[in-house]
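Here is a short briefing to read alongside your model.

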Amino acid sequence: GFDGSDIALSGTAGATTAVVTGGGTTYNVAVTGMTTDGTVIASVSAAAAKDAALNDSAASTSTDNTVTRDTIAPAVSSINRSSGTSTTGTSVSFDVTFAETVSGIDIDDFVLAVAGGASGTIASVNVTGATTATVTVNNVSGNQGSTLGLNFDFNNSGIGGVNDLAGNAATADFTGQTYDVDNIAPFVMSIVRAAANPTSATTVTFTVTFSESVDNVTTADFVLAKTGTATGTISAVTAGPSNTFTVTVSGVAGTGTLGLNYDNTAGASVDDALGNDATGNYAGEIYTVTDTTAPTPTVTAPASVAAATANATGIVFTVTFDEVVTGFTAADVSFGATTLTNGTTAITTTANLSIAVSNPSNDGKTYLVTVTAINSKTFGTGDSVQILVATGGAFDVVGNPNAAATYTNNTIAIS
């Protein structure tokens, strides 16, 4: 007489019907009608059955008569980096947490999400708890701007993948956190001239390009490569744009060649954003330094000239340059402190003086500056004429303008 009407159903799942099968001492109870996930509790009422002597059965005393109904697939709650947000190492790990107790977790359940050239290999899964596991990724590689993340991929799990205690298989992917990866050391890719070559300039620049953005680049990271008498001083490093730097070399002088080299042992300070130290040295381009010395004129003259001579042939100053120049003309000569009041027909003003420049020897170095009175004016005893030579009016063969003149004597008195 034992049947479904003898079964008392309770719990949170809403079970409504019990069907009893079997016989003798063992019966099976199939419960249906549940409307939600939750517990199903089955109890046997007293006097539900009789034995052969017609004794009524007692009420059930089971302690394992509760079943939890679970139709919800297990899901990943989080995949977080185990340490920090970036790495320069070759191995990283991720902490994976599920929303409920699961089994069957292995490396096939995960895939890497890489960008910017990052790479790695999922090496192992260590189950650390009922709902947690740690996934280790080895052979990590990447440069500045690379990222490496870990995703859960239920399709990658295949049949018999991750399951909860009720046997429900995971059915949803999950995108985890990512690491910024940079374990490749920066290095110099090029050092090129940033100005015309050959050069006679006293300041030159080089453009230095690194393989990625770097910090702490200073003048101590570079050395000059010199030949001949060429020389200079590395005076400044200016950053930008991006991974390039402008290195300035000032005080360039002499002749020969002048190059810039990156010397990793000189300063050893250059690193990228994650602290990878730059590696390797680099020999850059060179400038041919032709001449950086400005020609210098020296002015000489007799202390005095007789008035008769001055009025007959003019008064003559000698301007001697220390190297061959061109472009030196009367326009480069002006008057300084001058007295013009003593002639028979007094000159009175430099407007009544004429300047002529000549190079009788055609050597390009020794010039004569002749000053004569014009407009029917004359020099007189007590007059004096002083000349000044302008800076930058004459040029040597490589284009250096002349420096300020040296005056041995630039004033002639009329006697």
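A residue counts as buried when its relative accessible area is under 20%, and as exposed when that area is over 50%. Keep in mind that this is a predicted model.

**A residue in a loop**
- Asn400 sits in the loop that runs between strand E29 (384-389) and strand E30 (406-407).
- Its relative accessibility is 7%, so Asn400 counts as buried.
- A polar atom of the Asn400 side chain lies 2.9 Å from the backbone oxygen of Asp291.

**A three-stranded sheet**
- Three strands form an open sheet in the order E1-E4-E5, and their pairing is antiparallel.
- Four bridges link E1 and E4 in the antiparallel sense.
- Ala8 is found opposite Ser43, a residue of E4.
- In general, the strands of a sheet pair through backbone hydrogen bonds.

**The largest pocket**
- The largest pocket holds about 490 Å³ of space.
- It is lined by 23 residues, and those closest to its centre are Ile7, Val29, Ala42, Val44 and Asn65.
- Strand E3 (26-32), strand E4 (38-44) and strand E5 (66-69) are the elements that each give two or more residues to this lining.
- By type, the lining of the largest pocket has 12 nonpolar, nine polar and two charged residues.

Terms used: Residues are numbered from 1 along each chain as its sequence is written. This is a predicted model: local features need pLDDT of at least 70, side-chain atom pairs count only at pLDDT 80 or more; totals for chains, interfaces and linings use all residues. Side-chain values use heavy atoms; hydrogens and water are left out. On a 1 Å grid over the protein atoms alone, a cavity is a set of points where a 1.4 Å probe fits but cannot get out, and a pocket is an open set with protein on both sides within 12 Å along at least five of seven lines; lining residues have an atom within 4 Å of a point. Grid points are joined across faces, edges and corners, and a volume is the space filled by probe spheres set on the points. Ala, Val, Leu, Ile, Met, Phe, Trp, Tyr, Cys and Pro count as nonpolar, Asp, Glu, Lys and Arg as charged, and the others, Gly among them, as polar. Two strands pair if DSSP finds at least two bridges between them. Buried means under 20% relative accessible area, exposed over 50%, partly exposed in between (1.4 Å probe, protein chains only). A polar contact is a pair of N or O atoms within 3.5 Å; within protein, one must be able to donate a hydrogen and the other to accept it, and residues adjacent in sequence count only if both atoms are side-chain atoms.
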